[in-house]
Amino acid sequence: MKNTFIFDYDDTLAPNQCYYCDAKIEFQRYVRTKIGNKAPDVQAIINLHTEIDLELLKTMGLSRRRFPTSFSETFKQIAESRNYPYTEQELNEVYMLANAAFDINPGLEKGAEEVLDFLAAKGDELLLYTKGDKKIQQKKIDLNQLQKWFQPENIHIVDDKNSTDLEKIVGDRDKDRTYKVGNSIRSDINPALEAGIKVIYIPCETWAYEQQHNGIDASDPRIFVFNELTAIIKNYEGL
Ligand SMILES: [Mg+2]
């Protein structure tokens with residue numbers, strides 16, 4: 001009997017968060033270079049940026065412009081608080097520092113192709129359920145030829161993940177044989193448990209929004225926690 005695996009994309013099938021971290025490091029350096037010894041402490045800059053980014057999330061969602069806008073807005077606020085006469089060009093430069101995070105195509109995670117090939121060979125059904133800017137996500141899917149494993153009708157790119165939408169995607173599939181595979185407790189694991197399906201949780205670093213959750217119940221028999229994607233192959237018979 002076949003299983004259904006519903007995969008998350010970012011930081012499950014391909015690295016993502018680390019490039020946002022790189023952009024934030026560049027941003028720190030930029031602030032320090034421009035504002036000199038009047039620049040706030042690194043931790044204060046991180047906290048201010050997180051606050052601004054989460055605030056912008058309420059109005060801009062996961063649109064491509066939000067993360068870069070959070071950089072220019074943070075720079076503007078720091079500059080104003082330090083009486084630094086910032087220019088439009090500088091705001092644009094920090095905007096572009098953030099933008100760089102979108103232009104990297106690192107390829108898939110180690111072992112991802114092997115796992116997808118393995119499941120496809122087993123005759124299991126593969127679905128992709130990813131959130132983010134539609135154009136950015138579609139570009140990543142195309143560049144990494146995900147169509148090789150996921151039929152076009154099985155690729156779902158959404159603004160945000162929730163159990164209602166997930167239930168619709170699951171439809172009348174056998175919930176005991178349907179697994180959500182993802183790295184985020186808030187966006188992958190909790191909606192899947194609410195939708196009544198099983199989960200394969202492969203922890204990977206997340207950002208402030210995804211860190212808002214109450215953890216997982218390790219004794220829940222519907223939850224499998226693996227350190228790496230390839231553990232799906234090793235543990236396949238026990239799922
Ligand atoms: Mg993810």
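This is a predicted model: local features need pLDDT of at least 70, side-chain atom pairs count only at pLDDT 80 or more; totals for chains, interfaces and linings use all residues.

Colleague: What makes D8, D10 and N183 donors of the magnesium ion?

Modeller: A donor is an N, O or S atom within 2.8 Å of this metal. D8 (OD), D10 (O) and N183 (OD1) lie 2.2 Å from the magnesium ion, so they count as its protein donors.

Colleague: Why is it said that the pair D10 and N183 ties parts of the chain together?

Modeller: D10 belongs to the loop between β1 and α1 (17-35), and N183 to the loop between β4 and α8 (185-194), so the pair joins parts that are 173 residues apart in sequence.

Colleague: How do you know whether D10 is buried or exposed?

Modeller: Buried means under 20% relative accessible area. D10 has 14% and is therefore buried. N183, at 5% relative accessibility, is buried too.

Colleague: Which residues of the largest nonpolar core touch the most other members?

Modeller: This core has 29 residues, and F5, F7, L13, F150, I200, L229 and I232 touch the most other members. Its largest share, 4 residues, comes from α5. A second, separate core of 25 residues includes I45, F71, A79 and V94.

Colleague: What makes V181 a contact of L229?

Modeller: Contact requires heavy atoms within 4.5 Å. By that definition L229 touches V181, and also F7, T12, L13, E109, A112, V115 and I202, leaving aside residues up to four places away in sequence.

Key. Residues are numbered from 1 along each chain as its sequence is written. Side-chain values use heavy atoms; hydrogens and water are left out. A nonpolar core is a set of buried Ala, Val, Leu, Ile, Met, Phe, Trp, Tyr and Cys residues joined through side-chain atoms within 4.5 Å. Buried means under 20% relative accessible area, exposed over 50%, partly exposed in between (1.4 Å probe, protein chains only). Helices (H or I, at least four residues) and strands (E, at least two) are DSSP runs, numbered from the N terminus. Donors are N, O and S atoms within 2.8 Å of the metal (3.2 Å for Na, K and Ca); water is not among the atoms, so sites may look incomplete.
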